[in-house]
Amino acid sequence: METFDFFPLKLPHCALLHRWLQEQHVRAFWDDGHRTLDQVKAHYFEPRSVDQFLILHQKISIGYIQSCLINEKHELAKF
């Protein structure tokens, strides 16, 4: 059985997240790849209204996910 874990995103993960954001297949859907390492740190590691996690498969970091509560007025509620 495959297992996945979700680990809260922490400052030591900044370089990994920055590297992922540079990947072409990530930029196609999540265009933060123009950000410098310092900009990624400022954006993703300052207090935010979303919960952020690394996705781990067999203890290997394979992705990033975030979650937040939305209401019917939120721009994403139409989806």
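Predicted model: local features only at pLDDT ≥ 70, side-chain atom pairs only at ≥ 80, totals over all residues.
Me: What makes Phe4, Phe6, Ile60, Ile62 and Ile65 a nonpolar patch on the surface?
Reply: Patch residues need over 30% relative accessible area and no salt bridge, and nonpolar side chains are joined within 5 Å. Phe4, Phe6, Ile60, Ile62 and Ile65 form such a patch, with about 490 Å² of accessible area together. Strand S1 (4-8) and strand S3 (60-67) each give two or more residues to the patch. The largest share, three residues, comes from S3.

Me: Why is Phe4 called partly exposed?
Reply: Buried means under 20% relative accessible area, and exposed means over 50%. Phe4 has 45%, so Phe4 falls in between and counts as partly exposed. This residue lies in strand S1.

Me: Which residues make the contact between H1 and H3?
Reply: H1 gives Cys14, Ala15, Leu17, His18 and Leu21. H3 gives Leu37, Val40, Lys41 and Tyr44.

Me: How do you know whether Asp31 is buried, partly exposed or exposed?
Reply: Its relative accessible area is 45%. That lies between the cut-offs of 20% and 50%, so Asp31 is partly exposed. Asp31 sits in the loop between helix H2 (24-27) and H3. Its C-alpha atom is 7.4 Å from that of Leu21, ten residues apart along the chain.

Notes
Residues numbered from 1 in each chain as written. Heavy atoms only, no water. Patch = residues over 30% accessible without salt bridge, like charges linked within 9 Å, V, L, I, M, F, W, Y side chains within 5 Å. Areas by Shrake-Rupley, 256 points an atom, 1.4 Å probe, with all protein chains shown as cover. Salt bridge = Lys/Arg side-chain N within 4 Å of Asp/Glu carboxyl O. Helix = DSSP H or I, 4+ residues; strand = E, 2+ residues; numbered from the N terminus. Buried < 20%, exposed > 50% of the residue type's maximum accessible area, 1.4 Å probe, protein only. Contact = heavy atoms within 4.5 Å.
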